[in-house]
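Colleague: I am new to this structure and would like to learn how to read it. Could you take me through a few features, one at a time?

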Amino acid sequence: MGKIIRVTGPLVVADDMKGSKMYEVVKVGKMGLIGEIIRLEGDKAIIQVYEETAGIRPGEPVIGTGASLSVELGPGLLTSIYDGIQRPLEILREKSGDFIARGLTAPALPRDKKWHFTPKVKVGDKVTEGDIIGVVPETSIIEHKIMVPPKVSGEIIEIVDEGDYTIEEVIAKVKKPNGEIEELKMYHRWPVRVKRPYKQKLPPEVPLITGQRTIDTFFAQAKGGTAAIPGPFGSGKTVTQHQLAKWSDAQAVVYIGCGERGNEMTDVLEEFPKLKDPKTGKPLMERTVLIANTSNMPVAAREASIYTGITIAEYFRDMGYDVALMADSTSRWAEALREISGRLEEMPGEEGYPAYLASKIAEFYERAGRVITLGSEERIGSVSVIGAVSPPGGDFSEPVVQNTLRVVKVFWALDADLARRRHFPAINWLTSYSLYIDAIKDWWHQNVDPEWKAMRDKAMGLLQKEAELQEIVRIVGPDALPEKERAVLIVTRMIREDYLQQDAFDEVDTYCPPKKQVTMMRVLLNFYDKTMEAVDKGVPVEEIAKLPVREKIGRMKFEPDIEKVAVLIEETNKQFEELLKRYGA
C-alpha cells in the first residue's frame with residue numbers, strides 16, 4: 001500500500017509503491033477511486049485516475065489490485081451502456097441517481113441473471129483455445145458462443161447439462177496437459193491494452209456493404225478495414241456513423257462516444273433503442289454495445305474507452321461475427337492524451353500533442369482486421385474500425401487527421417460547404433479516397449455486376465471533369481463552353497443530385513442495396529452515352545435538358561422496385577431516338 005504525495009488534475013503521484021507493475025489498476029484515496037499506473041520511477045508510481053480527483057489529499061492511501069485494466073467478456077454485453085472503463089451506467093444510476101457518485105463500482109455483466117446454456121462438447125472431448133463449448137441465446141438476433149479462453153487447452157472432464165446458469169457458475173472443467181484442472185465459467189476477463197490472439201489475418205477482399213451509395217460505389221470500406229471520417233462541426237459525422245451502425249452488414253456494432261458533447265451522446269442513447277434492425281425488425285440495441293464517455297466525464301477514462309470498445313469488438317470477432325466499431329471521436333481521445341502528457345511534463349510534439357501520438361493512433365487502428373479465429377473449426381470474423389475525427393475549424397492539416405490518414409485505408413472527407421448546400425452525406429468526392437477498390441472489385445464482379453469497376457471509374461472521371469469545367473465556368477460563364485462540355489455538366493449534376501445525394505430519413509432511400517446501386521449507375525451512364533451521341537449529331541443541349549425521362553431518373557432513388565429502375569434505360573433510349581428523328585439525325 002502506498003500513499004499520495006501529489007495531485008494534479010486526473011494525475012496522482014504516490015510513494016511507497018514498490019512491487020507495483022505498469023498498467024496495474026489501483027484504488028486511490030479513501031474513496032477508492034479507480035486509477036491505472038502509467039509510469040514507475042523507483043518507489044514512485046504515477047497514476048491516471050478515471051474519476052474526478054477533487055477533494056483527494058496527499059497522505060491518503062493507494063492500494064494496488066495486482067490486475068491490469070481489464071474488461072469482462074461474456075453474456076450480457078449486448079444492449080448494455082457502459083462508461084469508458086466498462087462500468088454499467090444504468091446500474092450506477094440506480095445506485096446513485098442521475099449524478100454518478102465517485103468510487104462507485106458495479107460488475108460489468110449481471111451476476112444474478114440466468115442464461116440458457118446449451119453444451120456443444122461432451123466429457124472426454126479434446127478442446128483447444130477458441131473452441132466453442134456451448135451457446136447462449138443472448139438476444140433474439142445474436143447467439144453468444146461460449147469459447148475456451150486463450151492459453152487454455154486440454155480434455156473436458158466435466159460439463160453441465162443444458163439449462164439455466166448464472167455467469168459465475170462453473171459450466172465446464174478442463175484437464176490441461178500438465179494435469180492442472182481449469183474451471184470455465186461463461187465469462188472471462190481480458191486486459192484492454194492487449195490484442196486478442198487469432199490464427200491468421202486475411203486480406204480485406206470482402207466489402208462492408210453500407211447501403212450508402214457514395215461509400216459503397218466510390219469509397220468502399222472492406223470488412224476488417226479501417227476508415228476515417230474527418231469533418232468540421234455540423235458536417236454530419238455522427239449521422240454518417242449512425243447510418244453505418246444501422247445499415248452496414250456487420251452482425252454486431254460497438255459504438256464509442258469518446259469525449260463527445262453530452263447532448264450528442266444523449267441523442268445516441270435515446271435514438272439507438274428506438275431504431276429497428278432492418279434485417280430482423282427487432283430493436284437495433286439487441287446487437288449493439290454502447291460506450292458513453294462524454295466530454296464532461298473524467299479525461300483519463302476517455303483514453304481507456306477506445307481500448308475497452310475494441311477489446312469487446314475483438315471478442316465478438318472471435319465468435320466468427322463481423323463487427324463494426326464506431327469511434328466518435330478520436331480527436332477527443334487525442335486531446336485526453338495531450339492533457340495527460342502535459343501533466344506528466346513530457347516534451348510536447350506538434351500542436352502540444354505527445355510525440356507518441358502517431359504510434360498510439362496506429363496501435364489502435366491495427367487491431368482492426370478480418371481473421372481466421374482460434375479454435376479447431378475454422379471461423380472467420382472481422383472488426384471494421386470507423387473513426388470520426390473532429391479537427392478544429394475543419395483543418396485537415398492538423399496532427400490527428402494527418403496521423404490517422406497514415407494508417408487508415410479509407411478517407412471520407414466531410415465538407416461543410418456541401419452540408420450547407422443540403423448535400424448529404426456531405427462526403428467530398430474530390431478529396432476522399434479508398435485503397436480497397438482493387439481488393440474488393442472481384443467480390444462486386446462475382447456477386448453483383450461484372451462491369452462495376454468500369455462504371456465506377458467512368459463516373460469518377462466525369463465528376464473530376466466537372467470540377468475542371470467549373471473552374472472555367474467561374475471565369476467565362478457556362479454559355480461560353482462548347483456543347484459537349486455543357487452536356488457533361490448536365491450529366492454530372494444528375495450524378496451528384498440523383499446518385500450521390502441520399503435521404504437518410506426516406507424509408508426507401510435510406511438504404512440502397514448493391515444491385516440497385518449498379519442499376520442506377522447504369523441508367524445514368526446510359527443517359528451520358530446517349531447525350532454525347534446526340535450532341536455529336538447536332539442536337540442542342542437545351543433540348544436534351546428538357547427530356548421527360550430526366551425527371552424520372554431524378555426520382556429513381558425513391559423507387560423500391562429495381563426492375564422499374566432498369567426500365568428507365570429503355571425509356572431513355574426511346575426518347576433519344578425520337579429526339580434524333582426530330583433533328584433529322
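Colleague: Which helices and strand each supply at least two residues of the lining of the largest pocket?

Modeller: A word on the model first: it is predicted, so local features need pLDDT of at least 70 and side-chain atom pairs count only at pLDDT 80 or more, while totals for chains, interfaces and linings use all residues. Residues are numbered from 1 along each chain as its sequence is written, and side-chain values use heavy atoms, with hydrogens and water left out. Now the general idea: rolling a probe the size of a water molecule over the atoms shows where empty space is left. On a 1 Å grid over the protein atoms alone, with a 1.4 Å probe, a pocket is an open set of points with protein on both sides within 12 Å along at least five of seven lines, and lining residues have an atom within 4 Å of a point. Helices (H or I, at least four residues) and strands (E, at least two) are DSSP runs, numbered from the N terminus. Here, helix H1 (89-96), helix H4 (262-271) and strand S21 (288-293) each supply at least two lining residues of the largest pocket. H4 gives the largest share, four residues.

Colleague: What is the volume of the largest pocket, and which residues lie nearest its centre?

Modeller: A volume is the space filled by probe spheres set on the grid points, which are joined across faces, edges and corners. For the largest pocket that is about 880 Å³. Its lining has 26 residues, and Leu 89, Asp 98, Phe 99, Ile 100 and Met 297 lie nearest the centre. Sorted by class, the lining has 12 nonpolar, six polar and eight charged residues. In this sorting, Ala, Val, Leu, Ile, Met, Phe, Trp, Tyr, Cys and Pro count as nonpolar, Asp, Glu, Lys and Arg as charged, and the others, Gly among them, as polar.

Colleague: How many residues line the second largest pocket?

Modeller: The second largest pocket is lined by 30 residues, and Ser 235, Gly 236, Lys 237, Val 239 and Phe 424 lie nearest its centre. Its volume is about 630 Å³. Helix H3 (residues 237-247) brings the largest share of this lining, five residues. By class, the lining splits into 10 nonpolar, 11 polar and nine charged residues.

Colleague: Phe 424 has come up there. What kind of peptide bond joins Phe 424 and Pro 425?

Modeller: That bond is cis, with omega about -10°. Pro 425 sits in the loop between helix H9 (416-420) and strand S26 (433-434). Another cis peptide bond runs from Asp 328 to Ser 329, with omega near 5°. Ser 329 belongs to the loop between strand S22 (322-328) and helix H6 (330-343).

Colleague: Let us turn to helix packing. At what angle do H12 and H13 pack?

Modeller: Axes are lines fitted to C-alpha atoms, for helices over the stretch in contact, and angles run from 0 to 180 degrees between N-to-C directions. Helix H12 (residues 483-500) and helix H13 (residues 514-536) pack at about 165°, with axes 10 Å apart. This makes H12 roughly antiparallel to H13. Angles under 35 degrees count as roughly parallel, over 145 as roughly antiparallel, 65 to 115 as roughly perpendicular and the rest as oblique. By class, the contact (heavy atoms within 4.5 Å) of H12 with H13 has 13 nonpolar, two polar and four charged residues.

Colleague: How do H11 and H12 lie to each other?

Modeller: The axes of helix H11 (residues 452-476) and H12 come within 9 Å and cross at roughly 120°. H11 and H12 are therefore oblique to each other. Among the residues that meet are Leu 462 and Leu 469 in H11 and Val 488 and Ile 495 in H12.

Colleague: Which residues make the contact of H6 with H7?

Modeller: H6 and helix H7 (residues 357-365) pack at about 135°, their axes 11 Å apart. That makes H6 oblique to H7. The contact is made by Thr 330, Trp 333, Ala 334 and Leu 337 of H6, together with Leu 357, Lys 360, Ile 361, Phe 364 and Tyr 365 of H7. By class, this contact has seven nonpolar, one polar and one charged residues.
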